[in-house]
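Work through these exercises on charged side chains. Try each task before you read its solution.

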Amino acid sequence: MQSITESKAHRVVYWLMGAGLFLQLSSEVLYSSGSANGVHVYLLLILPALLLTVWSFLRKESLFSVEVKRFLIAAGLFMTVCSVSAYWSDSGQSVLYVLRKSLVIFFYLSAIIYLVTVAKWQHIKFFIMMLCVVAAVGALVSICYQLVVLDESFGWRTFRIYRMGHGEWIDLGYPVIAGIYFALFGVLAASLVALGQQNRSQNFVLMLVILVLLTYVFLTFSRTSWIAWAAAICYLMVVLRHRATIALATILACIALVMIAIYQNQIAVEVTERQLSGRVQIWLWTLQHFLERPLLGHGFDHSFWPETPYAHAHNFLLQVLFEQGLLGLICYFFMLTSVFAGVWRYREDKLVLAAFALVIYILTAMMVDVQHVITRPGLFWSIFWFPLAFTMGAVNRAQLAAFRNPYKKAS
């Protein structure tokens, strides 16, 4: 792996790509129009990534480590299988159409890995903090508008937030998805706290961000988001063991205990009666129909249980089995394994460990929700592809540091 060029032209391109990534990740807060966000992402992020890829190829520069190349190959293979499976699906989408969407995602992954690799740490930290603050402001505005302006009643599941309530602003469409989206920024903020490279003022801001996002995610009553966020926090506390992380985990645990004490009767109903909200029945149905086409599945975006309101398997592994069969699941595991291998190799690098909390978070959430990840620029790019690419960018950054100074461990 060669050192990445740091000319003025490259720095300008990286700043443009950073702006594009910022707009894409915060799009659900900043935009009410998905098409407007798509234009910004294509012009500021995807197009520069394509130009950089062509430039590095012509100059015969190697910008990626072996681990990152393996990840990109695995991701490309997984998306190719998903795209080809559209041929025998009833979705009406052509193979070429899904392949085009997959190619855009491929350049999106490359762009994030570029950025995390070459950016200076203070820029990465500023970028993450700005994202988290924007998300927290959006969450706070939504809470205030719903509870104060619209006068929604506050109670256990009597009101589940997922939108601001004014036009189409900050509208995630469903409480579970809203919880997963906003909790992602909570994990980002917690990861930054766990790294312990902020001053007191910055840590105070991050703590406020986490508390605001925690309130929003609680009001979604999405148990998926609660458990996934808790898993990521526990991981950060065990792996990085920073005092601020332990303090954060303690505060969140105390809040959780207070909530359990206040809502113990409602929680008992959730555990004994609601349980997994019918997901077991959905999972069994999915497994039953997976056996009809076990090798190749029913195809990309195939209609799911049309006799019921259920639109997907509520488990991404089962969704892949249903649509792409065992072949798709093998490719999916190959992609995840490439991420795990990169993290394991550079497990002494703190940024790699902190970034991996995002992967822990989304993989936990995907056990009971999240469906298609091959889409146009939007929500599932943020909650699925970004955590994987950001982690591999940290791996690539650690490898570049080792290349520049082979006698010093990546840090």
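**Exercise 1.** Find the partner of Arg163 in a salt bridge and state how exposed both residues are.

Solution. Arg163 pairs with Asp171, and their closest N and O atoms are 3.5 Å apart. That meets the cut-off: a side-chain nitrogen of Lys or Arg within 4 Å of a carboxyl oxygen of Asp or Glu. Next, check accessibility. Buried means under 20% relative accessible area, exposed over 50%, partly exposed in between (1.4 Å probe, protein chains only). Arg163 has 23%, so it is partly exposed. Asp171 has 29% and is also partly exposed.

The model is predicted: local features need pLDDT of at least 70, side-chain atom pairs count only at pLDDT 80 or more, and totals for chains, interfaces and linings use all residues. Residues are numbered from 1 along each chain as its sequence is written, and side-chain values use heavy atoms, without hydrogens and water.

**Exercise 2.** How many salt bridges does a search of the whole structure find? Which parts does the pair Glu67 and Arg345 tie together?

Solution. The search finds 2 salt bridges. In one, the side chains of Glu67 and Arg345 meet at 2.5 Å, N to O. Glu67 lies in helix 4 (residues 66–84) and Arg345 in helix 13 (residues 316–345), so the pair ties together parts 278 residues apart in sequence. Helices here are DSSP runs (H or I, at least four residues), numbered from the N terminus. Glu67 is buried at 5% relative accessibility. Arg345 is exposed at 51%.

Notes:
Helix = DSSP H or I, 4+ residues; strand = E, 2+ residues; numbered from the N terminus.
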